[in-house]
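Open the model in your viewer and show it as a cartoon. Keep the selection tool ready. The tour goes stop by stop.

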Amino acid sequence: MSAKHFFTNWGLALAALLFSLQATPLWAKDPVVLVTPVKYEVTLDDALPAVRDMLVSALEARNYAIINILNVQEGLASRGIEAHPLQLIEFCNLTKAYSITRNVPDFEMFAPCRLALFENDGKTTVMVHRPAHVLSILAKNPKLSKEGKANLEQFDRDLKAMLGELASGGF
């Protein structure tokens, strides 16, 4: 095909249509959940309040009670300290937590669990301590029941799934 025929009005219209259908640039990356032995972490292009609200809904849908939402930025501002947006969501599934603490009271050092959310340059990062890391510490205690171990494993899977859904826009 010669250049003369390609740059007709129809050719230009087709090229414009194909270009407009491209949802994101080829070099753009979807958010990914960073997994380490100690934490899960994901950074999103959304503002902190929107991410917080999605996480609260996801936790409640999985039967986790919201214990507290602490606005650290506001607390620091009341002391004359300017900080970037930072909030902590404290949460727990009391029934599952009791299945652990009734035999291994050391679990209380890790409860309630908390998600840390901070916003910087218009992006929000979410971090949470992995229940699998807590399990690796508590597993040394022979009193940890199979039910308690299973609940910590399920909790770890729940958090990874929630952050994965958050990263993929599944909320």
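How many cavities of 30 Å³ or more does the structure hold? The structure holds one. Bear in mind that this is a predicted model.

**Stop 1: the cavity**

Start with the lining of the largest cavity. Select Tyr 64, Cys 92, Asn 93, Lys 96, Ala 97, Ile 100, Phe 107, Cys 113, Asn 151, Leu 152 and Phe 155. Two elements give two or more residues to this lining: α5 (94-101) and α7 (146-168). The volume of the largest cavity is about 100 Å³. Now colour the lining by class. Eight of its residues are nonpolar, two are polar and one is charged.

**Stop 2: the whole chain**

Clear the selection and zoom out. The protein chain has seven helices and six strands. Trace them from the N terminus: the order is α-α-β-β-α-β-α-β-α-β-β-α-α. Of the 171 residues in the chain, 32% are buried. Next, consider contacts between residues at least 6 apart in sequence. Of these contacts, 67% join residues at least 24 apart.

**Stop 3: the sheet**

Select the strands. The six strands form an open sheet in the order β1-β2-β6-β5-β4-β3, with antiparallel pairing. Which strands are at the edges? They are β1 (34-35) and β3 (65-71), and each pairs on one side only.

Six bridges join β2 to β6, and the two run antiparallel. Pick Lys 39: its bridge partner in β6 is His 129.

Move on to β6 (residues 123-129) and β5. These strands are also antiparallel, with six bridges between them. Pick Ala 116, whose bridge partner in β6 is Met 127.

Then take β5 (residues 113-120) with β4 (residues 86-92). This pair is antiparallel over six bridges. Pick Phe 91 and look across to its bridge partner in β5, Cys 113. Cys 113 was also selected at the cavity, as one of its lining residues.

**Stop 4: the hairpin turn**

Follow β5 into β6. The two strands form a hairpin with two residues between them. Select Asp 121, in the loop between β5 and β6. Its phi is near 55°, a positive value in a residue other than glycine. Most residues other than glycine have a negative phi. Is Asp 121 buried or exposed? Asp 121 counts as exposed because its relative accessible area is 76%, and the cut-off for exposed is over 50%.

**Stop 5: another positive phi**

Go to Asn 63, in the loop between α3 (48-61) and β3. Asn 63 has a positive phi of about 70°, although it is not a glycine. Asn 63 is exposed, with a relative accessible area of 59%.

**Stop 6: the end of a helix and a cis bond**

Select Thr 101 in helix α5. Thr 101 counts as buried because its relative accessibility is 13%, and buried means under 20%. What does Thr 101 touch, leaving aside its neighbours within four places in sequence? Thr 101 is in contact with Phe 107 and Glu 108.

Carry on along the loop between α5 and β5 to Pro 112. A cis peptide bond joins Ala 111 and Pro 112, with omega of about -10°. Most peptide bonds are trans.

**Stop 7: the pocket**

Finish at the largest pocket, which holds about 150 Å³ of space. Select its lining: Phe 107, Phe 110, Pro 112, Cys 113, Arg 114, Met 127, Val 128, His 129, Pro 131, Val 134, Leu 152 and Phe 155. Pro 112, from the cis bond, is among these residues. β5, β6, α6 (131-138) and α7 each supply at least two lining residues. Which element gives the most? β6 does, with three residues. Colour by class again: ten residues are nonpolar, one is polar and one is charged.

Note on methods. Residues numbered from 1 in each chain as written. Predicted model: local features only at pLDDT ≥ 70, side-chain atom pairs only at ≥ 80, totals over all residues. Heavy atoms only, no water. 1 Å grid on protein atoms, 1.4 Å probe; cavity = no way out; pocket = protein on both sides within 12 Å on 5 of 7 lines; lining within 4 Å. Points joined across faces, edges and corners; volume = space filled by probe spheres on them. Helix = DSSP H or I, 4+ residues; strand = E, 2+ residues; numbered from the N terminus. Nonpolar A, V, L, I, M, F, W, Y, C, P; charged D, E, K, R; others polar. Pairing = 2+ DSSP bridges. Buried < 20%, exposed > 50% of the residue type's maximum accessible area, 1.4 Å probe, protein only. Contact = heavy atoms within 4.5 Å.
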